[in-house]
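Q: Hi! I've got a protein model open and I'm new to this. Can you walk me through it?
A: Happy to, let's look together.

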Amino acid sequence: AAHGAGFVQCGNGPSLSVPPLHVSLPDARSALEAAHMHHRTRNLQSALELAQEAVSLYTRVVETSVHPGVVRCIDLMASILFDAAQPAAAAANALKSLGLLVQIHGFDSAEAISAHLSLFQMLMNAGQIKQGVKHLRAGLYLIEVLGGPRHVELSNSYHKLGTIYHQAGEYDTALRLYNESASRDCPDRLLEGMIMKSTAMVLASQEQYKSAANAEKNAFRIFSWLLGGKHSLTKTSEQTLQKLLSLALDVGNKQAKVEEMRKKAAIADNVAHEIEAAETAKEAKKNKNKNKRGKK
């Protein structure tokens, strides 16, 4: 039977052990709706109990867990547990939901993408970084396969992935992912500014201050245009830009001094070589003259 549709009672007489299906399914839907209501009002314990009851009722009616109604219940349980600050338990439920979704819709479905991205968030909050990255990468892959390389969510997802590697100190990988994020279509100008800011930070971590300043300058321009000069994000970006410009100038001055010293050292070396060559030639000439006088 389709999810959300009523069931027609089978058999000629009433069952003595199992209630009629057309009664059980509305009960399951009612329990799920009540769970949602309690979740919205932050009554998490009651919401979780009702969601568990709804799972039991749906499974009893359809005689399988591979059903959209069951998935909705488990998704809600995961959301409730996440809001209750139990991300590991939430991720366990979300993983079960993903397995059922794949059986119902296939691994390459919009529902599977949402499940992967939700799992990423839960696993990251649970401190399971590797598993979280795995699901974010799976979501990215499916988005690109199903939505194409210009899908609007790709830029945001690459930025999230870059942030994870940035925080882990893997700056080269983070920079590559930020650049990938910037190269994708991004309809959100604020996100574009955040990508530029993240790029500036990772470049600064690599002491590439001039490039970092250029990226931060782009971020500051976007924040100023979108948020105005008085917004905290704009002010912070301006302060960061000034620091980066100062660091870039210091590095430039140091490099100029080093280059000047290198040139002076090169000149000194050339002069020393010329003097040495002149002395060698002079000594050779002297020896030659001695040899001539000895022959006479």
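Q: What is the mean pLDDT of the chain, and what share of its residues reach 70 or more?
A: This is a predicted model, and its mean pLDDT is 85. A pLDDT of 70 or more is reached by 84% of the residues.

Q: Where is the pLDDT below 50?
A: That is residues 1-23. In the model this stretch has 26 contacts beyond near neighbours in sequence.

Q: Okay, on to the inside. How many residues are in the largest nonpolar core?
A: It has 64 residues. Y58, I80, L161, I164 and L244 have the most contacts inside it.

Q: Which helix gives the most to this core?
A: Helix α2, spanning residues 44-62, with 11 residues.

Q: And what is L244 in contact with, leaving aside its neighbours within four places in sequence?
A: Its partners are A200, M201, A204, Y209, A212, A213 and E216.

Q: Which residues does the second core include?
A: That separate core has five residues, among them L191, I195, A219 and F223.

Q: New topic: how much space lies in the largest pocket?
A: About 240 Å³. It is lined by 13 residues, and D75, A78, S79, S118 and M122 are the closest to its centre.

Q: Which element gives the largest share of that lining?
A: α5, with six residues. Helices α3 (68-83) and α4 (87-105) also give two or more residues each.

Q: What classes of residue line the pocket?
A: The lining of the largest pocket has six nonpolar, five polar and two charged residues.

Key: Residues are numbered from 1 along each chain as its sequence is written. This is a predicted model: local features need pLDDT of at least 70, side-chain atom pairs count only at pLDDT 80 or more; totals for chains, interfaces and linings use all residues. Side-chain values use heavy atoms; hydrogens and water are left out. A nonpolar core is a set of buried Ala, Val, Leu, Ile, Met, Phe, Trp, Tyr and Cys residues joined through side-chain atoms within 4.5 Å. Buried means under 20% relative accessible area, exposed over 50%, partly exposed in between (1.4 Å probe, protein chains only). Helices (H or I, at least four residues) and strands (E, at least two) are DSSP runs, numbered from the N terminus. Contact means heavy atoms within 4.5 Å. On a 1 Å grid over the protein atoms alone, a cavity is a set of points where a 1.4 Å probe fits but cannot get out, and a pocket is an open set with protein on both sides within 12 Å along at least five of seven lines; lining residues have an atom within 4 Å of a point. Grid points are joined across faces, edges and corners, and a volume is the space filled by probe spheres set on the points. Ala, Val, Leu, Ile, Met, Phe, Trp, Tyr, Cys and Pro count as nonpolar, Asp, Glu, Lys and Arg as charged, and the others, Gly among them, as polar. pLDDT is the predictor's confidence in each residue, from 0 to 100.
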